[in-house]
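Please write a plain report on the structure shown below.

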Protein chains: 2
Amino acid sequence: MTTTNRLSWKDVRDEIHDAILSGRYGPGDRLPRDADIAEEMKCARSTVQRAMQDLSDSGLVERRRKGGTRVRAHPVTRATLDIPITRREVEQKGGRYGHQLIRRTQMDAPRSVMATFELTEPRPMLRVEALHLSDGRPYIFEDRWISLDTVPEMIDLDLTTQSANEWLVLNKPYNRCDLRFYAISADAQLAEVLDTAPGAALFVIERTTWTDSAPITTVKAITAPGYQLLTRS
Amino acid sequence: MTTTNRLSWKDVRDEIHDAILSGRYGPGDRLPRDADIAEEMKCARSTVQRAMQDLSDSGLVERRRKGGTRVRAHPVTRATLDIPITRREVEQKGGRYGHQLIRRTQMDAPRSVMATFELTEPRPMLRVEALHLSDGRPYIFEDRWISLDTVPEMIDLDLTTQSANEWLVLNKPYNRCDLRFYAISADAQLAEVLDTAPGAALFVIERTTWTDSAPITTVKAITAPGYQLLTRS
DNA sequence: TGACAAATTAAGTAGCGACAAAATACGGTT
DNA sequence: AACCGTATTTTGTCGCTACTTAATTTGTCA
């Protein structure tokens with residue numbers, strides 16, 4: 001009685017994965033071609049292809065046409081992050097969300113913003129400084145620049161009812177997104193806005209988005225002390 | 001003359017993507033079933049499947065058997081990070097890598113480590129404190145716990161020639177990896193090790209790895225001031 | 001020997017068909 | 001109306017074939 005013993009691509013993936021981490025194939029080594037593995041494991045090449053694609057996505061192996069598949073010489077830890085809309089993040093943690101518009105300025109992009117957007121000359125921007133609150137306490141302070149070339153409708157929006165964060169994510173999907181993480185010390189002004197002591201260590205998420213090389217927005221999300229960002233489960 | 005006009009799954013993906021962000025389908029809306037889209041776009045269902053799978057991976061839509069495909073009600077920014085071995089990271093930035101073993105202790109897991117590993121009782125661990133250097137200057141200080149149950153061979157390793165970071169990544173691949181990012185203020189001890197002022201804001205990468213629910217290692221990588229983590233290009 | 005062209009190789013993609021698995025919808029029974 | 005089992009629907013997966021594309025290797029000619 002042969003129970004339905006068809007190999008799933010995940011089985012194939014795990015088997016190859018095990019083979020690599022058992023040392024059968026070391027960093028830089030070339031693996032057999034898909035077709036041979038398929039024959040050996042008695043499955044279709046397409047199944048091996050899917051397994052290999054997954055291993056390639058997860059950073060364990062590298063694949064090249066004609067070159068075959070080889071174990072990455074310099075392995076990396078690859079992780080995926082989900083960054084939700086801030087309102088959603090607060091609510092999912094069980095907090096009551098609030099937000100305050102602090103300042104709203106219209107001016108040309110300064111050098112630093114030009115640099116992050118890879119612009120060669122100043123363009124009109126909207127600068128929005130706002131505070132996200134959780135249960136009435138400061139949660140994230142965001143300092144945002146929005147390209148008025150790309151998002152002219154932003155001028156007429158009332159940013160006190162809906163945060164720029166939320167409006168943009170819902171209405172201006174992007175093609176390209178760069179993230180940058182680091183820590184800063186709270187200066188006097190930040191300390192006051194975030195209701196903490198000057199000098200406190202703050203975790204910063206900097207995000208820049210484009211659609212087809214047209215800049216949309218760049219934002220420094222300066223989190224209140226104690227904030228942690230986790231990889232998605 | 002009909003040039004070879006077969007649709008690629010990326011074309012299908014982009015078309016659906018555009019349809020969503022043009023507002024034809026809003027958050028929460030249900031998309032047509034794969035088969036219908038395939039017919040409409042004159043391609044095979046498998047092509048649509050691949051396109052949809054990709055959109056699902058990137059966080060734009062959610063798919064459920066029988067439930068169909070719908071636009072995510074709460075969109076997220078999804079990003080992928082590559083964290084290389086520290087030596088590799090330093091060298092790729094053009095720095096000269098060095099590393100110092102600061103302390104090496106054998107003891108049972110304290111409560112905090114038990115918690116991150118989801119252990120119910122203390123187990124023997126190796127604690128390794130080490131400093132990574134770039135051009136002779138402190139780069140990352142790592143405070144690491146290694147499970148001796150899972151990695152007993154660690155006891156006999158000479159951690160002065162090869163860092164625990166490098167040995168583990170090369171020799172102990174993992175199944176599961178949790179990451180956590182946040183900021184801390186340098187205390188007197190950290191300030192001294194990282195050659196900075198007490199109170200400086202430091203970016204911390206905390207990483208915990210398992211293989212099949214057996215804990216391998218957990219490490220706090222405390223970066224020197226100015227360190228930034230970027231999403232992969 | 002060196003440079004360019006051609007052949008070869010191995011992954012990538014498209015299509016088709018069939019079946020599996022998971023949700024949901026439905027319908028009957030109490 | 002509540003509960004439970006069954007049918008249906010829709011995505012997920014596997015296998016097979018054929019063709020495409022990118023690299024590398026080989027071969028040829030100057």
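## Contacts with DNA strand C

A phosphate oxygen of DNA strand C is 2.8 Å from an N or O atom in the side chain of B:Arg64, which is a polar contact, that is, a pair of N or O atoms within 3.5 Å; within protein, one must be able to donate a hydrogen and the other to accept it, and residues adjacent in sequence count only if both atoms are side-chain atoms. The model is predicted: local features need pLDDT of at least 70, side-chain atom pairs count only at pLDDT 80 or more, and totals for chains, interfaces and linings use all residues. Residues are numbered from 1 along each chain as its sequence is written, chains are lettered from A and ligands numbered from 1 in the order in which they are written, and side-chain values use heavy atoms, with hydrogens and water left out.

B:Thr47 also reaches a phosphate oxygen of DNA strand C, with a polar side-chain atom at 2.3 Å. The elements that give two or more residues to the surface near DNA strand C are α3 (45-57), β1 (61-64) and β2 (68-71) of chain A, together with α3 (45-57) of chain B. Helices (H or I, at least four residues) and strands (E, at least two) are DSSP runs, numbered from the N terminus. The element that gives the most to this surface is α3(B), with four residues.

There are 25 residues around DNA strand C, and A:Arg45, A:Arg63, B:Ser8, B:Trp9 and B:Thr47 come nearest; a residue is near a strand if one of its heavy atoms lies within 4 Å of it. Sugar and phosphate make up 71% of the atoms of DNA strand C that come within 4 Å of the protein. By class, the surface has four nonpolar, seven polar and 14 charged residues. Here Ala, Val, Leu, Ile, Met, Phe, Trp, Tyr, Cys and Pro count as nonpolar, Asp, Glu, Lys and Arg as charged, and the others, Gly among them, as polar.

Which residues come nearest to DNA strand D? Of the 25 residues around it, they are A:Ser8, A:Trp9, A:Thr47, B:Arg45 and B:Arg63. Sugar or phosphate holds 68% of the atoms of DNA strand D within 4 Å of the protein, and the rest belong to bases.

| Residue | Atom of the residue | Distance to a phosphate oxygen of DNA strand D |
|---|---|---|
| A:Thr47 | side-chain N or O | 2.3 Å |
| A:Arg64 | side-chain N or O | 2.6 Å |
| A:Ala44 | backbone N or O | 3.2 Å |

Two or more residues of the surface near DNA strand D come from each of α3 of chain A and α3, β1 (61-64) and β2 (68-71) of chain B. With four residues, α3(A) gives the most. The residues of this surface divide into four nonpolar, seven polar and 14 charged.

## The sheets

Strands of a sheet pair through backbone hydrogen bonds, either parallel or antiparallel. One open sheet has seven strands in the order β10(A)-β7(B)-β8(B)-β9(B)-β6(B)-β5(B)-β4(B), with antiparallel pairing; two strands pair if DSSP finds at least two bridges between them. At its edges stand β10 (229-230) of chain A and β4 (97-108) of chain B, each with a single partner strand, so one side of each has no neighbour in the sheet. β10(A) pairs with β7 (residues 176-185) of chain B over two bridges, in the antiparallel sense. One of the residue pairs here is A:Leu229 with B:Phe181.

Helix α6 (residues 164-171) of chain B packs on this sheet and touches β5 (124-134), β6 (137-147) and β9 (214-223) of chain B, where contact means heavy atoms within 4.5 Å. The direction of the helix makes about 55° with that of β6(B); axes are lines fitted to C-alpha atoms, for helices over the stretch in contact, and angles run from 0 to 180 degrees between N-to-C directions. Further along the sheet, β7(B) and β8 (residues 201-211) of chain B pair in the antiparallel sense over 10 bridges, and B:Ser185 stands opposite B:Ala201.

Another open sheet of seven strands runs β4(A)-β5(A)-β6(A)-β9(A)-β8(A)-β7(A)-β10(B), with antiparallel pairing. Its edge strands, β4 (97-108) of chain A and β10 (229-230) of chain B, each pair on one side only.
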